[in-house]
Amino acid sequence: MERSFVMLTFDLEEFDIPEEYGQKVSETEQMQVTLRGMENVLSVLDAHHIRATFFTTGHFAAENPALIRHLAQKHEIASHALLHSPAHVFRESDIMESRRILEAVSGQTVNGFRMPRLKPFDRAALGRDGFRYDSSLNPTWLPGRYNLLGENPLPSRTDGLIELPCSTTPWLRFPLFWLSFKNLPLRIYAALCGFTLKKRGNLMLYFHPWEFADLSAYTLPAYVKNVDGDKLTAKLDGLVSTLKKRNAAFVTCNAFCDKWEREFAGQE
């Protein structure tokens, strides 16, 4: 692939992260926070005329069908399992139940999957269920979470499934995930993205719509909460503008798989 490609992805889920820090938030409020953040996210995507992939929980889609149908007119809908709540015990059947809901609501074929919190699971289940790709791998070291420095940081095929890892920088494997975007100055984060894009030809970036809402009322660590709302929306706009200047093409995950498979097949 001669041109570089950026996959902007958003985990479209219930705003349940306060539960991890001892604050209870009603389900109605969880949905409202995510919906407010979505308004800001879409303002950036629409202004730049770019497409994204929304990894969506089946529960969120069932509760917000009008939004999902609206997104499906332009963007890709992928699966983020059934529920995101830390109280929910994941079962393999959640994968197909989520896909059933998402396809019924969106009218799209759901090709991709991302596990909530990027937890380990049996990826072979995705192949058995007919998924095309997985994006549940962050091949870096996150203290207290995981050490995946031995995993392949590049798109690859495993047992018939395309793995689209979350982007890390070459060599040092510094993660370019949502917390890096929030906490690094934009010029530094954008420079790391540009360097990675030049070396690897693609970027897989992921965020959460709830980040782009006002989170001042919630008990969250500063590194999770700040920046948020309009300031983070402006930061996303700046990142997109910077990457567009590098002549990067913004594509959905499934569209990237099309391009990657053509190149991959040509090398076999």
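Hi everyone. Let me start with a cut-off: a residue counts as buried when its relative accessible area is under 20%. Keep that in mind, and note that what we have here is a predicted model.

So, is Asn 111 buried or exposed? Its relative accessibility is 18%, and therefore Asn 111 counts as buried. You'll find Asn 111 in the loop between helix 4 (93-106) and strand 4 (112-113). Leaving aside residues up to four places away in sequence, Asn 111 touches Phe 131, Arg 132, Tyr 133 and Asn 254.

Now over to strand 2, residues 53-56. Which strands does strand 2 pair with? On one hand there is strand 1 (residues 5-12), joined to strand 2 in the parallel sense over four bridges; here Thr 53 is the bridge partner of Thr 9. On the other hand there is strand 3 (residues 76-79), also parallel to strand 2 over four bridges, with Ser 79 as the bridge partner of Thr 56.

Last stop, the surface. Leu 172 sits in the loop between strand 9 (161-163) and helix 6 (178-183). With a relative accessible area of 74%, Leu 172 is exposed. Along with Trp 171, Phe 174 and Phe 195, Leu 172 forms a nonpolar surface patch, with about 500 Å² of accessible area together. Thanks, everyone!

Technical notes: Residues are numbered from 1 along each chain as its sequence is written. This is a predicted model: local features need pLDDT of at least 70, side-chain atom pairs count only at pLDDT 80 or more; totals for chains, interfaces and linings use all residues. Side-chain values use heavy atoms; hydrogens and water are left out. Patches are made of residues with over 30% relative accessible area and no salt bridge: like charges are joined within 9 Å, nonpolar side chains (Val, Leu, Ile, Met, Phe, Trp, Tyr) within 5 Å. Accessible areas come from the Shrake-Rupley method with a 1.4 Å probe; for residues, only the protein chains shown count as cover. A salt bridge is a side-chain nitrogen of Lys or Arg within 4 Å of a carboxyl oxygen of Asp or Glu. Helices (H or I, at least four residues) and strands (E, at least two) are DSSP runs, numbered from the N terminus. Buried means under 20% relative accessible area, exposed over 50%, partly exposed in between (1.4 Å probe, protein chains only). Two strands pair if DSSP finds at least two bridges between them. Contact means heavy atoms within 4.5 Å.
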